[in-house]
Amino acid sequence: MVLKPYDAIVVGARCAGSPTAMLLARMGYNVLAVDKATFPSDTVSTHLIHPPGMAALQRWGLSELVAGTGSPAIDTYAFDLGPFTIAGSPGAADAPVAYAPRRTVLDKILVDAAADAGVEIREGFTVEDVVVDDGRVTGIRGHAKGGKSVTENARVVVGADGRHSTVARAVNPEQYNEKPQLEASYYSYWSGLPMNGRFEAYNRGDRAFAAWPTSGDLTLIVGGWPFAQFEANRVDIEGNFFRMLDLVPDFAGRVRDATREERFVGAAVPNFFRKPFGPGWALVGDAGYNKDFITAQGISDAFRDAELCAGAIDASLSGARPFDDAMSEYHTTRDEHVLPMYEFTCEFAKLEPPPPEQQQVMGAVYGNQEAMDGFARVFAGVTSPAEFYSEENIGRIFAAAQGRQAS
Ligand SMILES: Cc1cc2nc3c(=O)[nH]c(=O)nc-3n(C[C@H](O)[C@H](O)[C@H](O)COP(=O)(O)OP(=O)(O)OC[C@H]3O[C@@H](n4cnc5c(N)ncnc54)[C@H](O)[C@@H]3O)c2cc1C
């Protein structure tokens, strides 16, 4: 008996992989998703889902499940820049708030939703390599825990296996817009630190830190320093972390009254884009595009890519469009959408004092609620930095500030 290949095999079953697999299965395709993890499973992430990520979950019928897990809604983003605080609403009408459920919670919901859609899920399955036939990826080779190596075939193999992607390593795609690690951050979880639905961020010199509420009545605090200080500071992470919080005595006092419940976890990541397709393969999520986590875009980006990528794969598998044609639209759409935020994120991640023009813009934004909402929405990935920093919008913000001064 000759076994029919899968329509798609998705390697990695978290924010990028499970939604890609789920969406393809909902379109009627025969999909296998594998992950070396077994769920629920934690991973290194501060798991803030900005409103665009929540909007994607809503489109998929999963937002209520996520919102119902006990992680509080976050309706205000407050950026304390020292002299003043810019506080605004991060959402749009269709998705007004953010949430930050633990990855043990979120990723399990995503894997279960894929399984419910009919995806065959193999947890605890490690992919060793892709199978290539005449220059085209035709499947994967991998093993279950303690098991023998097996091969599975598919019309397309999707690498949703994160920034150290095995699929990307095997297909060796063009990598571009690369920037090295720019900052190193550490995070942990505190009880007894109420946030009242607020995301609070603090910038002081070359330090930036932020806090927001998450699952289990805990508050996550993340903060860091330029990557150049990574080696020197890693010898005393807790001491350096608290010296950073002490730059804002009120906040440090709140934290000292609270209880740290978990160990510190840290990371510093490189920034890059990879061409996300080639003969028989595609990349989605961090496997195809990775950036510093300082603006917390990765989950929402992975969700958006999953929709774009699944749509392009459908167009190709159904015969509506040639594979290269459909996938190159996915590639271009992804890059055009994320490039302004990528540059904004990388600039911020340098943790250098903002240039004088930026300080002037922030000074004019302060006190103008519409502009403060606008800035919060840039950080939330709702509004493109290109739109917010356009000559027209900045002109409007300065004109309003002059009007306020004159009155
Ligand atoms: C410190 C830190 C904080 C962050 N904070 C935020 C935040 O607050 N908000 C936000 O939106 N984003 C954040 N991010 C980014 C976000 O976590 C990622 O963008 C997101 O997890 C990407 O999802 P993914 O599915 O592409 O990859 P991943 O979440 O990395 O999942 C990849 C999966 O592939 C599996 N896998 C890998 N190799 C194999 C293999 N060979 N065989 C089988 N399975 C394999 C892994 O087990 C894993 O489960 C943060 C990242 C870091 C490092």
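Q: Buried means under 20% relative accessible area, exposed over 50% and partly exposed in between, using a 1.4 Å probe on protein chains only. Which residues of helix H8 are buried?

A: Keep in mind that this is a predicted model, where local features need pLDDT of at least 70, side-chain atom pairs count only at pLDDT 80 or more, and totals for chains, interfaces and linings use all residues. Numbering starts from 1 along each chain as its sequence is written, and side-chain values use heavy atoms, without hydrogens and water. Helices (H or I, at least four residues) and strands (E, at least two) are DSSP runs numbered from the N terminus. In H8, residues 249-256, the buried ones are Phe251, Ala252 and Val255. They share one side of H8, because their arc around the axis (taken from axis-to-C-beta directions) is only 100 degrees.

Q: What sits on the other side of H8?

A: Pro249 and Asp250, both exposed.

Q: And what do the buried residues of H8 pack against?

A: Contact means heavy atoms within 4.5 Å. Their partners are strands S10 (183-191), S11 (198-204), S12 (207-214) and S13 (218-226), plus helix H7 (237-245).

Q: How about H1 and H4: at what angle do they pack?

A: Axes are lines fitted to C-alpha atoms, for helices over the stretch in contact, with angles from 0 to 180 degrees between N-to-C directions. H1 (17-26) and H4 (103-116) pack at about 20 degrees, axes 8 Å apart. Ser18, Pro19 and Met22 of H1 meet Leu110, Val111, Ala113 and Ala114 of H4.

Q: Where is Lys145?

A: In the loop between strands S7 (136-144) and S8 (150-159). Lys145 counts as exposed because its relative accessibility is 80%. Phe125 is 20 residues from Lys145 in sequence, yet the C-alpha to C-alpha separation is 6.3 Å.
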